[in-house]
Amino acid sequence: MDTLFNKPASPVAEQAPPKSLLEIAKVIFLAWEKLRIGYLAILILMTLLLSLLAPRELWYSVRFWFRLAEGAVLANICYFAGPIIETYLTWLGFRGSWLRIVLFIVGTLFACLLALGVMATLLLHGMDHLD
């Protein structure tokens, strides 16, 4: 009976202080940086395989490679959507072990669709599209 009254009055006193948004973001962004290697590998492999379908004269076009470089920069910018969404949801209190995996898979599939669309326009229209 004595130990019942020696407990803290509020369960809040036993909890660790909430993490700041900066602390949450740091952990999440570092985890996503490890995933970036897989993301880029998938997109690079897909782009290289699709570029094998391109006519050889397209390979010698500076504009073709410029378009691919633009796509690579855009893909890296879009990659930040994953850790930003996860950081926000974690900050709001949503903690799911599958959240990062789902965001990564959905984001990578979306990026693959965009890359496929860009490559398809380059392959279907060839040099005419690059003018």
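Student: Which element gives the largest share of the lining of the largest pocket?

Tutor: In this predicted model, that element is helix H4, with nine residues of the lining.

Student: What is the volume of the largest pocket?

Tutor: The volume comes to about 470 Å³. The lining comprises 21 residues, and the closest to the pocket centre are Thr47, Leu68, Gly71, Ala72 and Ala115.

Student: How do the lining residues divide into nonpolar, polar and charged?

Tutor: The lining holds 16 nonpolar residues, three polar ones and two charged ones.

Student: Let us take Thr47. Where does Thr47 lie, and is it buried or exposed?

Tutor: Thr47 belongs to helix H2. Its relative accessible area is 18%, which is under the 20% limit, so Thr47 counts as buried.

Student: Which residues does Thr47 touch, not counting residues up to four places away in sequence?

Tutor: On that basis, Thr47 touches Leu68 and Met119. Leu68 is also among the residues closest to the centre of the largest pocket. As for Met119, it stands 72 residues away from Thr47 along the chain, yet their C-alpha atoms are separated by 7.3 Å.

Student: And Met119, what does that residue touch, leaving out residues up to four places away in sequence?

Tutor: Met119 touches Thr47, Leu50, Ser51, Phe64 and Leu68.

Student: Changing topic: how many residues has the largest nonpolar core, and which have the most contacts inside it?

Tutor: The core has 19 residues, and Tyr39, Leu43, Phe64 and Met119 have the most contacts inside it. Two or more residues of this core come from each of H2, H4 and H6. The largest share, seven residues, is from H2.

Student: Finally, confidence. What pLDDT does the chain average?

Tutor: The chain averages a pLDDT of 82, and 82% of the residues score at least 70.

Student: Where is confidence lowest, and where is it highest?

Tutor: Confidence is lowest in helix H1, residues 2–6, at a mean of 46, and highest in helix H5, residues 81–91, at 94. The pLDDT is below 50 over residues 3–13, and this stretch has two contacts in the model beyond near neighbours in sequence.

Notes: Residues are numbered from 1 along each chain as its sequence is written. This is a predicted model: local features need pLDDT of at least 70, side-chain atom pairs count only at pLDDT 80 or more; totals for chains, interfaces and linings use all residues. Side-chain values use heavy atoms; hydrogens and water are left out. On a 1 Å grid over the protein atoms alone, a cavity is a set of points where a 1.4 Å probe fits but cannot get out, and a pocket is an open set with protein on both sides within 12 Å along at least five of seven lines; lining residues have an atom within 4 Å of a point. Grid points are joined across faces, edges and corners, and a volume is the space filled by probe spheres set on the points. Helices (H or I, at least four residues) and strands (E, at least two) are DSSP runs, numbered from the N terminus. Ala, Val, Leu, Ile, Met, Phe, Trp, Tyr, Cys and Pro count as nonpolar, Asp, Glu, Lys and Arg as charged, and the others, Gly among them, as polar. pLDDT is the predictor's confidence in each residue, from 0 to 100. Contact means heavy atoms within 4.5 Å. Buried means under 20% relative accessible area, exposed over 50%, partly exposed in between (1.4 Å probe, protein chains only). A nonpolar core is a set of buried Ala, Val, Leu, Ile, Met, Phe, Trp, Tyr and Cys residues joined through side-chain atoms within 4.5 Å.
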